[in-house]
2 protein chains.
Amino acid sequence: MDEIKMEPIGVARNNVKEARFGNFANEVTEIIVDEKYSDALDGIDDYSHVIIVYWMDKVKGHVIKHRPQGKDVPIVGIFACRCPPRPNPIAFTTVRLIEHKKNVLKVQGLDILDGTPIVDIKPYWPQYDKVTDGKIPDWVNKLEF
Amino acid sequence: MDEIKMEPIGVARNNVKEARFGNFANEVTEIIVDEKYSDALDGIDDYSHVIIVYWMDKVKGHVIKHRPQGKDVPIVGIFACRCPPRPNPIAFTTVRLIEHKKNVLKVQGLDILDGTPIVDIKPYWPQYDKVTDGKIPDWVNKLEF
């Protein structure tokens, strides 16, 4: 299958200089969108939550199986967890939109390193994104967020 | 900023041969994962829902602003809707996992064209993905899903 190419549409700026597990709930991040895409943000203020899609550029290589956070949880396939060392280290997190000024979004709760390339921004649409009857394995409740 | 390269980890197979709006709730799609990643699916059966991340390879070019589905809804920035002609035409949809056999997942409700490259598979984690107090603009409720 063919290679796929993406270009960053912006970059994350915050105080997270090193990777860590959890404690992101109050972290505020600025998403600096390339100015040529400023108008692509029109209308985003009507949403309380947005999904930031980013490329985990510090991840080198992937694993097939993995013990999430090295904790007392099972070894699972990388597609059965949200951990970074994936074949394509793409990530997305749903966050609260605090402020939008021109080409900059201020968001809260994003688990991202300073300088991470942003590849897309999407509004949170409950029709797409919300599951009310979801089942997850118990070990997911042991992780730090 | 640098270019980012991804490789498909699989492909979607279903009966959707042409793009359309809505009516995907009962559509069943097989995600054929590259066999070298079969073990990366270990543990996925413990989830009721997974998020299929895909590359909308039929999208040629992007727009900055757009009227979603051409309906009686406002023109908004492409980052304020979920429409395909984005700078990076990446998409993800949360779907019900019906069956997992070896390197094949059968899912329900995926709005995807037959033959679309898959770039990642993630479990639905409510801690990351669920918003209980979300606000969306009224026009989103006019769209077909």
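A salt bridge here is a side-chain nitrogen of Lys or Arg within 4 Å of a carboxyl oxygen of Asp or Glu. Keep that in mind for this tour of a predicted model, which holds 20 salt bridges over all chains.

Start between the chains. Select K65(B) and D42(A): their side chains meet in a salt bridge at 2.6 Å, N to O. K65(B) sits in strand 5 of chain B and D42(A) in the loop between strand 3 and strand 4 of chain A, so this pair joins two chains. Both ends are partly exposed, K65(B) at 38% relative accessible area and D42(A) at 27%.

Next, stay in chain A and pick D72(A) with K142(A), a salt bridge of 3.9 Å. D72(A) is in the loop between strand 5 and strand 6, K142(A) in the segment after helix 1, so the pair ties together parts 70 residues apart in sequence. D72(A) is exposed at 66%, while K142(A) is partly exposed at 46%.

Now hop to chain B for K17(B) and D114(B), bridged at 3.0 Å. K17(B) belongs to the loop between strand 2 and strand 3, D114(B) to the loop between strand 8 and strand 9, 97 residues away. Then select R13(A), K17(A) and D114(A) in chain A: they are linked in a network of salt bridges.

Last stop: E27(B), in the loop between strand 2 and strand 3 of chain B. Is E27(B) buried or exposed? Buried, at 16% relative accessible area. Its side chain makes a polar contact of 2.9 Å with that of R20(B), and its contacts beyond four places in sequence include V107(B), Q108(B) and G109(B).

Note on methods:
Residues are numbered from 1 along each chain as its sequence is written. Chains are lettered from A and ligands numbered from 1 in the order in which they are written. This is a predicted model: local features need pLDDT of at least 70, side-chain atom pairs count only at pLDDT 80 or more; totals for chains, interfaces and linings use all residues. Side-chain values use heavy atoms; hydrogens and water are left out. Helices (H or I, at least four residues) and strands (E, at least two) are DSSP runs, numbered from the N terminus. Buried means under 20% relative accessible area, exposed over 50%, partly exposed in between (1.4 Å probe, protein chains only). A polar contact is a pair of N or O atoms within 3.5 Å; within protein, one must be able to donate a hydrogen and the other to accept it, and residues adjacent in sequence count only if both atoms are side-chain atoms. Contact means heavy atoms within 4.5 Å.
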